[in-house]
Amino acid sequence: MSIFGTRKPMIFIGTVSPFEVFIFEGGFAMQIYTEKNSLIIAPEGDIDHHSAEKIRREADKCLESSGIINIVFDLSKTAFMDSSGIGMIIGRYRKVSILGGKITIRNADDALMRIIGISGLSNIVTIEKRC
């Protein structure tokens with residue numbers, strides 16, 4: 001089930017609080033919010049070149065306006081990520097590293113963990129395994 005319930009695909013971009021954003025477009029949904037000292041990005045659906053650009057744009061906007069330097073990608077509702085997704089995460093890694101922050105990938109399934117491992121991403125980010 002979508003984080004938006006059973007709504008039909010439509011474009012909805014809204015800010016609930018200064019750092020809580022919901023995006024639902026086509027088959028892709030994403031929630032961005034803060035938790036403690038981190039920006040949490042929870043995409044729902046595949047991370048390909050279309051969705052990676054949406055994530056990058058919203059993450060950068062939130063990072064620039066919030067002063068937060070850590071990002072957590074919660075991939076619990078993501079089944080696939082292509083090289084665009086890997087590149088987007090590496091780009092955010094470069095951005096937060098300069099500020100002394102870190103990237104964490106949380107709740108990736110075995111297929112995503114294989115992609116993350118093969119790409120070398122697991123060497124530069126913190127991985128939190130699925131419970």
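**View 1. Helix H1 and its buried residues.** Ser51, Ala52, Lys54, Ile55, Glu58, Ala59, Asp60, Cys62 and Leu63 are the buried residues of helix H1, where buried means under 20% relative accessible area, exposed over 50% and partly exposed in between, with a 1.4 Å probe and protein chains only. Helices (H or I, at least four residues) and strands (E, at least two) are DSSP runs, numbered from the N terminus. Please keep in mind that this is a predicted model, in which local features need pLDDT of at least 70 and side-chain atom pairs count only at pLDDT 80 or more, while totals for chains, interfaces and linings use all residues. Residues are numbered from 1 along each chain as its sequence is written, and side-chain values use heavy atoms, with hydrogens and water left out.

View 2. Just after the helix comes Gly67, with a positive phi of about 80°. The end C-alpha atoms of H1 are 26 Å apart, in agreement with the 26 Å that its 18 residues should span at 1.5 Å a residue; the expected span is 1.5 Å times one less than the number of residues.

**View 3. Strand S6 between its partners.** S6 (residues 103–106) pairs in the parallel sense with S5 (residues 70–74) over 4 bridges; pairing requires at least two DSSP bridges between the strands. Val72 is opposite Thr104, and in S7 the bridge partner of Thr104 is Thr126. S5, helix H2 (residues 83–98) and S6 form a right-handed β-α-β unit: with the strands pointing away from the viewer, the path from the first strand over the helix to the second runs clockwise.

**View 4. Arg106 and the faces of S6.** In a regular strand, side chains alternate between the two faces of the sheet. Here Ile103 and Ile105 on one side, and Thr104 and Arg106 on the other, are all buried. Arg106 counts as buried because its relative accessibility is 17%. Among the residues it touches, leaving out those up to four places away in sequence, are Glu35, Asp74 and Glu128.

Terms used
Contact means heavy atoms within 4.5 Å.
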